[in-house]
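Please read them alongside the sequence and the coordinates.

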Amino acid sequence: MFGRIRLKLTLGYVAILALILTIFGAVVVLGFSRQLTYRQDQLLQREARSEQRGVPAGGEEGGTLRKRERVEGFAWARLTPDGEVTARSGNASSLGLPALGQFREAVRMERPLAATIETPAGDVRVVSMPVVRSGRVAGVVQVAQSRETIGNTVGKLVEVLVPIGIFSLVLATVGGLYMSGRAMRPVREAFERQRTFVADASHELKTPLTVIRVDAELASRVATDRKVLEPLEHLVSETERMKNLISDLLLLARLDAGKLEIAREPFDLSEVLHETAERFAPRALSAGIGLDVGDPGGLPAVGDRARTSQILAALVDNALRHTPPGGSIILGGAHCHGKAEVSVADTGGGIPEEHLPHIFDRFYRPEGSRGGEGGGAGLGLAIARDLARAQGGELIAGNDAAGKGAIFRLRLPAARAGR
């Protein structure tokens, strides 16, 4: 139990750290990408200004882009206010120039514009620089450069951040396991003291309870006065209930300590199912409840036959206490996902949805729910679930799809052929 809690704490801590690292990494990458884009825009605007001297004549004198276009992947184009290209680099078309949509927007707003456009060669960053002379737009210079360089730079940053993040998560996992182990140590020690106390107190109580019950039974046999006999019968009944509760507490203590011996032997689960049905048939008959058992055939399983019988007894007992007279309980079995499964379904009121997640909690007895187990201590289903897990199986609670009652499914490892 504490191992699972420790693992959940560690996983929760690592998950939170992973979320923080993811957000931090996204912010860093986004900020770095925007900074690179800003610097690229500044560079493109500077180069566009260097080409403004050729507008509108289209002369060959001007900036340095002709020298850099082949080396650094720049492309440029000069346009008249009407959108006519007066000059451009040889690679302008491959980089999406002229970008007429951005050109028209730059002419209308009379200020530089920067945007990323999609081309067959990939994303390209384009700056459109209007050339204003005598208060009028005399032309537009467009300069473009592929985003591939920025993408590669951002990719290298991601390649650095990912290993750092993974290494941080590994360290967090190790540190989380260590810290959660230290944090759980006082809880584990307190729980161990509590478990020891429950076990010792239960052992000490069993003997006097047995003596009280025996004396009460002997006294009831010789008592003739009804006023004396009734209290003696109540005493016998209450000592029996206390004895069962003490037995449950002892069983839970042994389960928590891992000291309960659980067999791992092949047996026929369908036989245990039929034996349980026969055991509770008289009680169901006297209560006016139908108890039907299907014939699943052989259900070879691996586990503890006696403990499995105890689980099914708890499930059928729980169903009998929550099924009204005239209702029915159906026991069935089947092979399910490589496991042997038996089910106990009833036509009672079902399990309220708000109580369903807690139905196997110890001492969980909400008013009006099945968790109270008809006035019991709320341990029967908890013990049944723990016994199922101790055998490598699982116990699942739910409601019938038609809304006619509750259904419990016990799944145990299936025995391999030839075992």
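1. In this predicted model, strands β9 (residues 328–336) and β10 (residues 339–346) run antiparallel and are joined by 8 bridges. Within this pair, Ile330 stands opposite Ala345 of β10.

2. The two strands belong to an open sheet of 5 strands, in the order β7-β9-β10-β12-β11, and the pairing is mixed. The edges are formed by β7 (290–293) and β11 (394–399), each of which pairs on one side only. On average, and with direction ignored, neighbouring strands of the sheet are turned by 15° against each other.

3. Helix α6 (residues 269–286) packs on it and touches β7, β9, β10 and β12 (406–413); the direction of α6 makes about 165° with that of β7. Helix α8 (residues 380–390) lies across β11 and β12 and runs at about 135° to β11.

4. Helix α8 also meets helix α5 (residues 226–257): their axes come within 11 Å and cross at roughly 35°. The crossing of α5 with α8 is left-handed. On the α5 side the contact is made by Asp248, Leu251, Leu252 and Leu255, and on the α8 side by Ile383, Asp386, Leu387 and Ala390. The residues of this contact comprise 6 nonpolar and 2 charged ones, with no polar residue.

5. Asp386 of the α5–α8 contact also forms a salt bridge with Arg385, with the closest N and O atoms 3.0 Å apart. Both Arg385 and Asp386 are buried.

6. The structure holds 10 salt bridges. One of them joins the side chains of Arg305 and Glu271, at 3.4 Å from N to O. This pair links distant parts of the chain, with Arg305 in helix α7 (residues 305–321) and Glu271 in helix α6, 34 residues apart. Arg305 has a relative accessible area of 31% and is therefore partly exposed; Glu271, at 41%, likewise counts as partly exposed.

7. Which residue does Arg321 meet in a salt bridge? The partner is Asp317, at 2.5 Å from N to O. Both residues lie in helix α7, 4 residues apart, or about one turn of the helix. Arg321 is partly exposed, with a relative accessible area of 34%, whereas Asp317, at 18%, counts as buried because the cut-off for burial is under 20%.

8. Finally, a network of salt bridges links Glu341, Glu394, Arg409 and Arg411.

Notes:
Residues are numbered from 1 along each chain as its sequence is written. This is a predicted model: local features need pLDDT of at least 70, side-chain atom pairs count only at pLDDT 80 or more; totals for chains, interfaces and linings use all residues. Side-chain values use heavy atoms; hydrogens and water are left out. Two strands pair if DSSP finds at least two bridges between them. Axes are lines fitted to C-alpha atoms, for helices over the stretch in contact, and angles run from 0 to 180 degrees between N-to-C directions. Contact means heavy atoms within 4.5 Å. A crossing is left-handed if the near helix is turned anticlockwise from the far one by less than a right angle, and right-handed if clockwise. Ala, Val, Leu, Ile, Met, Phe, Trp, Tyr, Cys and Pro count as nonpolar, Asp, Glu, Lys and Arg as charged, and the others, Gly among them, as polar. A salt bridge is a side-chain nitrogen of Lys or Arg within 4 Å of a carboxyl oxygen of Asp or Glu. Buried means under 20% relative accessible area, exposed over 50%, partly exposed in between (1.4 Å probe, protein chains only).
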